[in-house]
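Q: I would like to learn how to read a model like this one. Can we take it feature by feature?

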Amino acid sequence: MSIVNTVARLFNRKAKKADDCKPEILQRKEHGISRRQLSENALKVLYRLNTAGYQAYLVGGCVRDSMLGAHPKDFDVATNATPEQVNQLFRNSRLIGRRFKLVHVLFGREVIEVATFRTSPKDEHNSQQAKTGDSGMILRDNVYGTIDDDAMRRDFTINAMYYAVDDFTVRSYANGYQDAKDKLIRLMGDPETRYREDPVRMIRAIRFAAKLDFSIEEKTEAPIKVMAPLMGQIPAPRLFEEVLKLFLSGNALVTYRLLREYKLFKELFPLTEQCVADDEFAARFVEQTMINTDTRIQSGKSVTPYYFFAALLWPSLQRVQKEFLEQGMPPQPALHKAASRVIEQQLVRTSIPKRFTIPMKEIWDMQARFEKKKGKKASEVAESNRFRAAYDFILLREQCGENLRGLGNWWTKYQDTEEYKHIAANRKPEERHTKKRRPRRTNRGTPNDRQRSRRSEP
Ligand code: ATP
Ligand code: MG
């Protein structure tokens, strides 16, 4: 790009700045999104809302990804209809959320999330202000506004684009369209204020940089390292959901490296950070976990949160177990005590549902059983539902240079025996922990894309 162009663009950006709260309107020819890229169900929702006299737009990731030629994970709609009005309009919908109400419109397994335009917390003109705490964090954010207000409270400019189906235009705020073309992650508004309002935006910046291969604009990037400790204010269940989005969407390795660079990883996994910072094996182990996770996702295989968490906490587990062994405790009790301690400390940062901590402990527990039971009692180990995960874990350890004296190889060969084939054929299907199958949020995502949820925003 020529210097003249760059200067012109910078100048243009400055000139536009004052008008960030008014959209640039892009015609079909400019933005390039065709209706074929969009979910038919999402379009139905837009048409129905428009016909009933409401404004309605696709917004956020689905517009951004369609513009970039990628498959959106899910489709979000923003409207000036209230949740109750939306709910009345669609028989196949349900109101969700107590503090911040949203509507889910259900089409089989696809869920279209419809949100009413929200306004920014500092809107002087609105009597029902959104509430911020002492630190500036948004505590309650349930105030309705116009599309312009709604755009101002989106996180990044590339996420503040709205697609209308009545005239096929895209409304782009604060230069979002140009930023998407320039591959730039830029926060809406003043970065420090926006991070203070919701520190999760820091990890979202990293997530989008990794996922889209974008750069983080200077002012958006600058405060992150200093403000990273604000992540401590975020409730552990929300961080658990964020961790799944960060690492189980196919870009784990890049995301992990960026998170470490920006001092955010230690806010999510403090014990793991301590290990990788001063132990080469731990560093290799965690990197390899990220690589293997990405490879599995790219080849369409499933990845389970419990395997991922078991791997991430393994170096810390070994460290703590060693301390107990040195105090004279036998290996099994030392392992169990270390497992409880490590999980307990991790739960301070990210919650981990019981349905995952139980199999995590089983994988760890089986590591020693794999060694003992090789030979005559192999079948006892092979019968376990956790056999496959624990075996993969053995291979991961060996892959990272642990000398297990050919253990992985022994169990690989064992799986060719008639004994194993018989066991595998008769293994009971894994018990389901979820009682009822719920519709999925997306029609295209992997089962591991946990529901992204604006409900969990502050
Ligand atoms: P993905 O492809 O990962 O789903 P996305 O941009 O759709 O990316 P979501 O988490 O699904 O991300 O959120 C949808 C939209 O809601 C975002 O594009 C953004 O406009 C808005 N949003 C989500 N989280 C925040 C937040 N913490 N602060 C402000 N706006 C947010
Ligand atoms: Mg989304």
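Q: Is Arg260 buried, partly exposed or exposed?

A: This is a predicted model, so the values are computed from it. Exposure is read from relative accessible area: under 20% is buried, over 50% is exposed, and in between is partly exposed. Arg260 has 29% relative accessibility, so Arg260 counts as partly exposed.

Q: With which residue does Arg260 form a salt bridge?

A: Start with the general idea. Side chains of opposite charge can pair when their charged atoms come close. Here Arg260 pairs with Glu273, and the closest N and O atoms are 3.0 Å apart. The pair links distant parts of the chain: Arg260 sits in helix H13 and Glu273 in helix H15, 13 residues apart. Glu273 has 16% relative accessibility and therefore counts as buried.

Q: Which residues of helix H15 are buried?

A: First, the general idea about helices. An α-helix has 3.6 residues a turn, so residues three or four places apart point the same way. Now the case. H15 spans residues 270–278, and its buried residues are Leu271, Thr272, Glu273, Cys275 and Val276.

Q: Against which helices do the buried residues of H15 pack?

A: They pack against H13 (252–261), H14 (265–268), H16 (280–298), H17 (305–326) and H18 (331–347).

Q: Which residue forms a salt bridge with Asp278?

A: Arg319 does, with the closest N and O atoms 2.6 Å apart. Asp278 counts as exposed, at 57% relative accessibility. Arg319 is partly exposed, at 32%.

Q: How many salt bridges does the structure hold?

A: There are 24. One of them joins Lys211 to Asp65, with the closest N and O atoms 3.5 Å apart. Lys211 is in helix H9 (residues 200–212) and Asp65 in helix H4 (residues 61–67), 146 residues apart. Asp65 counts as buried at 3% relative accessibility, while Lys211 counts as partly exposed at 31%.

Q: Which residues are linked in a network with Asp65?

A: Arg64 and Lys211 are linked with Asp65 in a network of salt bridges.

Q: Why is strand E5 largely enclosed by the rest of the structure?

A: Count the buried residues. E5 covers residues 102–107, and five of the six are buried, so the strand is largely enclosed.

Q: In which sense does E5 pair with E4 and with E6?

A: Take each pair in turn. E4 (residues 93–96) and E5 pair in the antiparallel sense over four bridges. Ile96 stands opposite Leu102 in E5. Their hairpin has five residues between the strands, and Gly97 takes a positive phi near 80 degrees. E5 and E6 (residues 110–116) are also antiparallel, over five bridges. Val103 has Val114 in E6 as its bridge partner. That hairpin has two residues between the strands, and Gly108 takes a positive phi near 60 degrees.

Q: Do E3 and E6 run parallel or antiparallel?

A: E3 (residues 76–79) and E6 run parallel, joined by four bridges. In E6, Glu113 is the bridge partner of Asp76.

Conventions:
Residues numbered from 1 in each chain as written. Chains lettered and ligands numbered in written order. Predicted model: local features only at pLDDT ≥ 70, side-chain atom pairs only at ≥ 80, totals over all residues. Heavy atoms only, no water. Buried < 20%, exposed > 50% of the residue type's maximum accessible area, 1.4 Å probe, protein only. Contact = heavy atoms within 4.5 Å. Pairing = 2+ DSSP bridges. Salt bridge = Lys/Arg side-chain N within 4 Å of Asp/Glu carboxyl O.
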